[in-house]
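Biologist: I would like to learn how to read strand pairing and helix packing. Please begin with the general idea and then turn to the case at hand.

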Amino acid sequence: MIKGRRPRLNGRAAASAALLVAVLGFIAGCAPSREFLLKRSTELGEDKNYVRVLLLETTERVSLSSSSRIKISALADRKVHHDGKGGKIYFYPEKVRQPVIVESWNSPLFVNGVPYRGAIELHSRMGRLLVVNVVTMDEYLSGVVPCEISSGWNVEALRAQAVAARSYAYYHIMNGTDPLYDLNATNRSQVYRGAGVETERTNRAVRDTSGQVVAHNNRPILAFFHSTCGGGTVDNDKVWSGQALEYLRGVRCEYCSASPHYSWEDKLTLYEIRHHLGKKYVGVGPITGISFKKDGGRVNHVTIEHKNGIVRLSGNDFRLFFPEKKIKSLSFDAIKTQDGLLLKGRGWGHGVGLCQWGANGMAERKASYDQILRHYYRGTRLMVITGKPRGDSAGKTAGDRRRPFHDARLK
Ligand SMILES: [Zn+2]
């Protein structure tokens with residue numbers, strides 16, 4: 001774990017922070033282009049190895065702090081607005097009128113008290129402050145893998161997860177639509193919680209597989225993963241609308257039976273169904289009937305009859321109406337009860353791509369991480385992304401010296 005001390009706001013830091021906020025308030029500008037970011041990455045010696053992660057999008061003020069030097073520059077021309085001792089600085093959405101980059105040395109930057117490697121970019125858009133963490137791919141993955149998988153699992157499963165998460169990230173870098181960031185830090189993309197969650201074992205799995213991605217037709221794949229498939233994964237187009245992807249076909253999985261989510265039961269009352277459905281649909285009356293249609297063993301269509309009409313929706317939309325753990329997967333049978341349904345199901349998650357518990361089960365049976373990945377992502381192969389090599393992770397390379405804000409050590 002990173003042991004960065006949280007800086008205190010001293011009088012001088014407070015004064016400079018107030019000054020800085022005032023200065024930023026008068027700056028006008030526009031968002032940097034993707035070309036500019038690429039050029040900047042090249043100048044820093046890490047072309048294509050950066051990832052921009054949206055940490056927050058908020059109307060509230062955000063604090064940035066560091067126990068060592070903090071530098072704040074305009075993103076467009078790198079004009080320095082502040083360069084001095086660490087402390088805590090508050091940023092307000094309405095006052096950041098030009099995108100800025102905040103860098104620190106020898107310790108992580110804390111965003112609202114949470115430590116992050118790399119630099120922080122701040123953008124204001126439609127009255128909201130966007131806080132974007134710019135980190136190298138492996139620094140990013142070091143804050144992803146322990147959030148997505150247990151760090152105590154078999155090393156081959158950790159490596160498989162690292163490569164899947166790296167592939168997913170590169171896919172979004174290459175296919176992203178937002179000019180300001182590549183990925184979200186929540187489970188809308190993959191969960192990333194910065195430097196504070198890192199563990200030695202997961203960092204090693206990231207390092208061991210550095211640069212490796214799962215590729216199909218020589219491009220990184222959209223490497224979906226989930227907790228437990230419950231016996232078999234599912235075609236992506238049976239869960240979500242959109243193009244059927246060759247490498248996201250359902251496969252048998254005999255390896256996830258150790259998962260606590262392998263089989264489950266839950267009750268769903270008619271009142272709950274009406275209550276959650278009513279959050280999206282107007283005029284939902286008491287539920288009078290409900291039917292499920294399955295494809296590939298999973299519910300993919302749901303028809304709900306109520307006193308005022310009928311609602312038809314996809315299985316996935318139905319599942320997402322409820323709190324996260326209510327309907328763990330769409331692989332369930334429904335049994336009618338007095339006040340609703342008893343669901344008997346298998347697995348947890350959408351069921352597309354790599355089954356994490358299955359990956360660990362395969363690893364325990366001596367499968368290597370590339371065998372695991374090829375099992376769940378059919379027709380793929382491992383490929384190495386050849387950006388500027390990052391060298392070792394201890395901040396000793398020339399590339400690292402050119403990147404002063406990346407010097408917090410990876411274990
Ligand atoms: Zn499985």
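Modeller: Two strands pair if DSSP finds at least two bridges between them. Strands are DSSP runs of E with at least two residues, helices are runs of H or I with at least four, and both are numbered from the N terminus. This is a predicted model, in which local features need pLDDT of at least 70, side-chain atom pairs count only at pLDDT 80 or more, and totals for chains, interfaces and linings use all residues. Residues are numbered from 1 along each chain as its sequence is written.

Biologist: How many bridges join strand β2 to strand β7?

Modeller: There are 2 bridges between β2 (residues 62-66) and β7 (residues 109-111), and the two strands run antiparallel.

Biologist: What is the order of the strands in the open sheet?

Modeller: The order is β5-β2-β7-β8, with antiparallel pairing among the 4 strands. β5 (87-91) and β8 (114-116) are at the edges with a single partner strand each, so one side of each has no neighbour in the sheet. From one strand to the next, the twist averages 30°.

Biologist: Is strand β10 mostly covered or uncovered?

Modeller: A residue is buried if 20 or more other C-beta atoms, placed from the backbone, lie within 10 Å of its own. In β10 (residues 128-136), 8 of the 9 residues are buried, so by this definition the strand is mostly covered.

Biologist: Which strands pair with β10?

Modeller: Strand β1 (residues 50-58) pairs with β10 in the antiparallel sense over 8 bridges. Strand β9 (residues 119-125) is joined to β10 by 7 bridges, also antiparallel. L129 in β10 is the bridge partner of T58, and L129 is likewise the bridge partner of S124. The hairpin of β9 and β10 has 2 residues between the strands, and M126 there takes a positive phi near 50°.

Biologist: At what angle do the axes of helices α5 and α11 cross?

Modeller: Axes are lines fitted to C-alpha atoms, for helices over the stretch in contact, and angles run from 0 to 180 degrees between N-to-C directions. The axes of α5 (residues 155-175) and α11 (residues 369-376) cross at roughly 55° and come within 8 Å. That makes α5 oblique to α11, where angles under 35 degrees count as roughly parallel, over 145 as roughly antiparallel, 65 to 115 as roughly perpendicular and the rest as oblique.

Biologist: Which residues of α5 and α11 meet?

Modeller: Residues are in contact if their C-beta atoms, placed from the backbone, lie within 7 Å. E156, R159, A160, V163 and A164 in α5 meet Y369, I372 and L373 in α11.

Methods
Contact = placed C-beta atoms within 7 Å. Buried ≥ 20, exposed ≤ 12 C-beta atoms within 10 Å, placed from the backbone.
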